[in-house]
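Grab a pencil and work through these exercises with the model open beside you. Try each task yourself before reading its solution.

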Amino acid sequence: MYSQIVMDHFTNPRNAGVLEDADGVGEVGNPVCGDMMTFYIKVRDGRLEDVKFNTFGCVAAIAVSSMVSEMAKGKTLEEAKKITNKAVADALEGLPKNKLHCSNLGAEALKLAIRNYEEKQALGPSSHLQSASSASKPDYCTHCDTEEPVGAAFCMECDNDTGCELIEVK
Amino acid sequence: MYSQIVMDHFTNPRNAGVLEDADGVGEVGNPVCGDMMTFYIKVRDGRLEDVKFNTFGCVAAIAVSSMVSEMAKGKTLEEAKKITNKAVADALEGLPKNKLHCSNLGAEALKLAIRNYEEKQALGPSSHLQSASSASKPDYCTHCDTEEPVGAAFCMECDNDTGCELIEVK
Amino acid sequence: MKRVYLDHASATPVRREALEAMMPYFAEAFENPSSVYDRGFAIKAAVDEAREKVASLIHAKPKEVLFTSSGAESNNLAVKGAALANLRKGRHIIVSAIEHHSVLNAARYLERFHDFEVTFLPVTETGLVDPERLRRAITDDTVLVSIMHGNNEIGTLQSVAELSAICREKGVLFHTDAVATVGQVPVDVEALGVDLLSLSGPALGAPKGTGALFFRDRLRFVPLIHGGIQENGRRAGTENVPGIVALGKAAELAQGELEKKAAHLQTLRHALVEGVLGAVPRVHHTGHPEQRLPGHASFCFEGVEGEALIFLLAQNGVYASTGSACASKALKTSPVLIAIGMDAAVAQGSVVFTLGPDNTLDEATYTVDVLTKVVDRLRSFSPVWRK
Amino acid sequence: MKRVYLDHASATPVRREALEAMMPYFAEAFENPSSVYDRGFAIKAAVDEAREKVASLIHAKPKEVLFTSSGAESNNLAVKGAALANLRKGRHIIVSAIEHHSVLNAARYLERFHDFEVTFLPVTETGLVDPERLRRAITDDTVLVSIMHGNNEIGTLQSVAELSAICREKGVLFHTDAVATVGQVPVDVEALGVDLLSLSGPALGAPKGTGALFFRDRLRFVPLIHGGIQENGRRAGTENVPGIVALGKAAELAQGELEKKAAHLQTLRHALVEGVLGAVPRVHHTGHPEQRLPGHASFCFEGVEGEALIFLLAQNGVYASTGSACASKALKTSPVLIAIGMDAAVAQGSVVFTLGPDNTLDEATYTVDVLTKVVDRLRSFSPVWRK
Ligand SMILES: Cc1ncc(COP(=O)(O)O)c(C=O)c1O
Ligand SMILES: Cc1ncc(COP(=O)(O)O)c(C=O)c1O
Ligand code: FES
Ligand code: FES
């Protein structure tokens, strides 16, 4: 199910922890949904000198956090903002379909931390951490690995009243 | 499924054949239903001196014919008339539930042959053989071995519009 | 005594390789394929490999294959599931009059419990569905047509591609029951043009309790067994891992042997059919003379009853069947034989021989001899024969 | 590395005796039990013997036992079949809020496709259905109540006899999903007072792909798999003979060992639960503290997520599960944990240990040690824990 690189990052997460004197902090997710990530960054000369994270979540969420932190470290803020979900998933040699949303979370938390830093720069030191919890629910079916989940007359689980009524013969 | 005695009578049927100069002939069943039996009797001094049968039918039908012929031979007409379906089935050490109707056929054919003989005695030699085809279909479910077939919401096969509508909770 | 097994359609021994393939999955690699830890993944991988092999045998994609517990379950899932998923389009389905009970009764279930109308399409004397009749039977309400690929009682192979083309043209789903054909003749879901196809494991030398359903990618159907996420929510219940692995192995073997096996079976069948028709008077060879399952020879013998014949054959070491275990136990006249216009009395004398790869020409000859003898014997005291 | 398997509810190795019992039925005694000739009867006899053994384990009559392919199939057959057979009485069924997906989704199917109304009965914090609530929920339209015997996620055993008595009094059918209990605690259909009861083979050490349904003698229900005459017309499809034979053997073994096994499991469970509650802060032992499956220990750990925990446990040789493979793969919060009032964030940290007869006290201790370590580790970088 998970690639070796995912398992490696999960088992030995890089940069797990807190930066007490962080220049920026970003948080996404919600424990109620099963995933929550907080990213801490230290900026020096426009570069991410240090990146740390705290993550509550599944194997993929932890591996993604670790990978994102590794990818971000040393990059300029602009480079770091360009880390895409796809790049993260690719660096992890893929994620199961129902876990792809985790890769979104990591990059998003990093970006929020950068934004937090930038706002602090603009507004002074009292700015709060950035947080977004909307990203935690994927907009595709998480119940199956099919490439294009079909909205599911067959699936009583995620079948949100579309069901068989939507189905057309050919 | 079948007792050893059924198998023995099926494999080596006693008295299979035709009595060309029979004193009485009785026929039941219909090949369309899968069972047909013709019994021939020779009467002497009010006793069944000889009994023969021709049978088209399943293992049980053949074994029943053979057993009935054995049971009848040597009996007085009155005794022979008293051979019951149950006695035949018992002598065969039981028949599968869905084959019990076969035991009815055998005794019935014998009785028709006796009646044919008696009518001939009364009416002279031109009387025809006795025949009845109504007995060939059982009035219980032949589709299953349950002791008391239940009319069958579960059984799409024999479910003659009684079905689930008849079912009561408790 | 010689023992000649000619009832391969009823049951086949599990193939040695399939049995070996499944053995580790009982007590060693026993974990649940849905488990999230590593040892569960290994099991899931084995299931997926089996899925690829079954898909390959019928030229489908692995994700188009779902595992079931039997051919009957596959048929029920296909017919009810596809019909119920398309209620908005209409409530009419068409099945042939010679479908297996599991299709016929699934159709009757729709009739009774979901207000469907069911058309039972007649067949010709050789058991073929007439394409023009099918075309005329399709209405705006028709959602599904189910016509079997090969018939288990009379051996006839339908021209499925021709029939499915009509349905595709009319925008109607097409299901075929290929329980009797997969592993016997080439089955290519693309070439056949079908949306759903049922197969059973035992027919391939996999164990009883296995089956599969092909469904065209992304085709929606309502599950028969609702519940968890197994089979992507399409069929709940812990997967029968050993059975599935064995089915995969059997499919792989079947794919390699198909042509050679069919040629062998056909040779034997010809010998058997010619032998019987030559030696026994008043016998009817049922089904299509040519367009039929390679190893399937079916007869109706006048003047005798099938069960009695089967028993006498078995006493002489020849194992065959009356064609449909269901009809036989129910003491019903076979609806298939009635549908091809067989006289009801003659239909009682139905015997079906289904050959397997291990059968020999000697056995075919032996069977003809035994058959001649036992038919004679039963006819000797048959009131029907005398007349 | 030590390997401690504590996921017996997900999968159990097939028992040696069961495997040995089934082996002859693959390639030697392979005939179809519906065959009319002698060799088929021998197979049918083996199936009947297995039926007697399963019946005996649950104190039922053999004719009250039907073989299926899984617990999920049994549940679907019971819930849909009994409901559809009683349409004339009404269209209301009652299930508990903590039923297995195969019951819940069967109920939803009735809702969607047959205009049923479904009442989902709430449970207490220990997972019990309140009898008075059940009584109040029953209406004149109620045809069926389905409440599970033992819950797979939180281990709670319902007071089934008390609940079924209410239903009997009101003339409503009662089904119980006993997949988690048969083979773990005594199950007596008479004492439980149930009309229908589902069980699964793998839970007893029989192979995957096996299950059974108890139905009170002469109870009518609509089949799920329509077709032929197998199981007296109640479930079509060639019988899974080897699986059925193995299930019979496993049932026979289970019956003899029940008490000793339960005592052993209970001892281990106490050690595990006490150990965990003593060693790990902020952990919730879910379900009923006493009225529960003997070998079932379930927890929610604050501040960590279940899948991550399961993986780290597995890396340390301890195999457990998050409770419901379905909910876990679907990335859904467990409805069972929500139903017992668990905070949704805490419910993410669910881990279930299901013990087996081969587990030891040493293993329980080892598990507590590993658990303490890995929970600590995950909490060390958990943003939820810090707060
Ligand atoms: C309580 C309960 N019911 C039903 C089932 C379904 O059983 P199966 O997966 O064998 O179909 C399970 C499976 O774990 C269960 O725990
Ligand atoms: C054509 C056909 N379809 C379906 C079936 C049902 O298969 P199973 O008994 O494996 O469920 C059979 C069984 O012989 C069959 O011959
Ligand atoms: S579960 Fe995949 S579509 Fe609903
Ligand atoms: S088959 Fe036995 S009741 Fe219908």
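**Exercise 1: ligand 2**

A polar side-chain atom of D:Thr238 lies 2.6 Å from an oxygen atom of ligand 2, a polar contact in the sense of a pair of N or O atoms within 3.5 Å (within protein, one must be able to donate a hydrogen and the other to accept it, and residues adjacent in sequence count only if both atoms are side-chain atoms). A word on ground rules: this is a predicted model, where local features need pLDDT of at least 70 and side-chain atom pairs count only at pLDDT 80 or more, while totals for chains, interfaces and linings use all residues. Residues are numbered from 1 along each chain as its sequence is written, chains are lettered from A and ligands numbered from 1 in the order in which they are written, and side-chain values use heavy atoms, with hydrogens and water left out.

*Task.* Work out which residues are around ligand 2.

*Solution.* 
- Step 1: Look for residues with a heavy atom within 4 Å of the ligand, which is what "near" means here.
- Step 2: Since residues from chains C and D surround ligand 2, the site is shared between chains.
- Step 3: Now check the backbone. An N or O atom there sits 2.7 Å from a ligand 2 oxygen at C:Ala72, and 3.3 Å from one at C:Gly71.

**Exercise 2: ligand 1**

*Task.* Find the chains between which ligand 1 lies, then list its polar contacts with D:Ser70, D:Gly71 and D:Asp177.

*Solution.* 
- Step 1: Ligand 1 lies between chains C and D.
- Step 2: There are 13 residues around ligand 1, and the ones that come nearest are C:Gly237, C:Thr238, D:Ala72, D:Asn152 and D:Asp177.
- Step 3: D:Asp177 puts a polar side-chain atom 2.6 Å from a nitrogen atom of the ligand.
- Step 4: Turning to ligand oxygens, a polar side-chain atom of D:Ser70 is 3.4 Å from one, and a polar backbone atom of D:Gly71 is 3.3 Å from one.

**Exercise 3: two helices in chain C**

*Task.* Describe how α9(C) and α14(C) pack: at what angle, and with which handedness?

*Solution.* 
- Step 1: Helices are DSSP runs (H or I, at least four residues; strands are E, at least two), numbered from the N terminus. That gives α9 as residues 241–279 and α14 as residues 361–380 of chain C.
- Step 2: You get about 25°, with the axes 9 Å apart.
- Step 3: The pair is therefore roughly parallel (under 35 degrees; over 145 is roughly antiparallel, 65 to 115 roughly perpendicular, the rest oblique).
- Step 4: The crossing is right-handed, meaning the near helix is turned clockwise from the far one by less than a right angle.

**Exercise 4: a pair in chain B**

*Task.* Classify the packing of α1(B) and α2(B), and sort the contact residues.

*Solution.* 
- Step 1: Helix α1 (residues 4–11) and helix α2 (residues 59–72) of chain B pack at about 85°, their axes 8 Å apart.
- Step 2: They are therefore roughly perpendicular to each other.
- Step 3: Using heavy atoms within 4.5 Å as contact, α1(B) brings B:Ile5, B:Val6, B:Met7, B:His9 and B:Phe10, and α2(B) brings B:Val59, B:Ile62, B:Ala63, B:Ser66, B:Met67 and B:Glu70.
- Step 4: Sorted, the contact has eight nonpolar, two polar and one charged residue (Ala, Val, Leu, Ile, Met, Phe, Trp, Tyr, Cys and Pro count as nonpolar, Asp, Glu, Lys and Arg as charged, the others, Gly among them, as polar).

Notes. Axes are lines fitted to C-alpha atoms, for helices over the stretch in contact, and angles run from 0 to 180 degrees between N-to-C directions.
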